[in-house]
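Here's a quick tour for anyone meeting this structure for the first time. Have a look at it below, and then we'll walk through it piece by piece.

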Amino acid sequence: STLYLTKTTEQGTFQFPRIADAGSYTLSIDQAGFCKVEIAAIVVSVGERKTLPRVTLKAPAEGQNCP
């Protein structure tokens, strides 16, 4: 599988301009100090703009690890 990396803007938006193949992708959002979020089965077509629902990262409870 191919891994594409990007960073968000200050507004929290992001783009993957180099995805050249239509298909189903998993979006993984990871930030130090927060629990990782994954959104599976995002189906895209070549050249398509896709808007996803807002994602809110959560910090683990004090003394706990992320599930």
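Let's start with the cysteines. Counting a disulfide as a pair of cysteine sulfur atoms within 2.5 Å, you get one disulfide here. The partners are Cys 35 and Cys 66, with 2.2 Å between their sulfur atoms. The torsion about their S-S bond is about -90°, so this disulfide is left-handed. Cys 35 sits in the loop between strand E1 (23–29) and strand E2 (37–44), while Cys 66 is in the segment after E2, so the pair ties together parts that are 31 residues apart in sequence.

A word on where all this comes from. This is a predicted model, where local features need pLDDT of at least 70 and side-chain atom pairs count only at pLDDT 80 or more, while totals for chains, interfaces and linings use all residues. Residues are numbered from 1 along each chain as its sequence is written, and side-chain values use heavy atoms, with hydrogens and water left out.

Now for the overall picture. The protein has zero helices and two strands; helices (H or I, at least four residues) and strands (E, at least two) are DSSP runs, numbered from the N terminus. The radius of gyration is 14 Å, well over the 11 Å that the globule rule gives for 67 residues, so the protein is more spread out than a compact globule. That radius is taken over C-alpha atoms, and the globule rule is 2.2 Å times the number of residues to the power 0.38. Along the principal axes, the C-alpha trace spans about 45 × 25 × 20 Å.

How much of the protein is buried? Buried residues make up 6% of the 67 residues, where buried means under 20% relative accessible area, exposed means over 50%, and partly exposed lies in between (1.4 Å probe, protein chains only). Here is how a few residues come out:

| Residue | Relative accessibility | Class |
|---|---|---|
| Cys 35 | 13% | buried |
| Cys 66 | 33% | partly exposed |
| Ala 41 | 55% | exposed |
| Asp 21 | 51% | exposed |

Most residues other than glycine have a negative phi. Leaving aside neighbours within four places in sequence, Ala 41 is in contact (heavy atoms within 4.5 Å) with Ser 24, Tyr 25 and Thr 26. Between the C-alpha atoms of Ala 41 and Thr 51, 10 residues apart along the chain, there are 14 Å.

Asp 21 belongs to the segment before E1. Asp 21 and Val 44 are 23 residues apart in sequence, and their C-alpha atoms are 8.4 Å apart in space. Across the protein, 25% of the contacts between residues at least 6 apart in sequence join residues at least 24 apart.

Finally, there's a pocket to explore. Which residues lie nearest the centre of the largest pocket? They are Phe 14, Gln 15, Phe 16, Leu 27 and Leu 52, out of 41 lining residues. E1 and E2 each supply at least two residues of that lining, and E1 gives the most, with six residues.

Technical notes: 1 Å grid on protein atoms, 1.4 Å probe; cavity = no way out; pocket = protein on both sides within 12 Å on 5 of 7 lines; lining within 4 Å.
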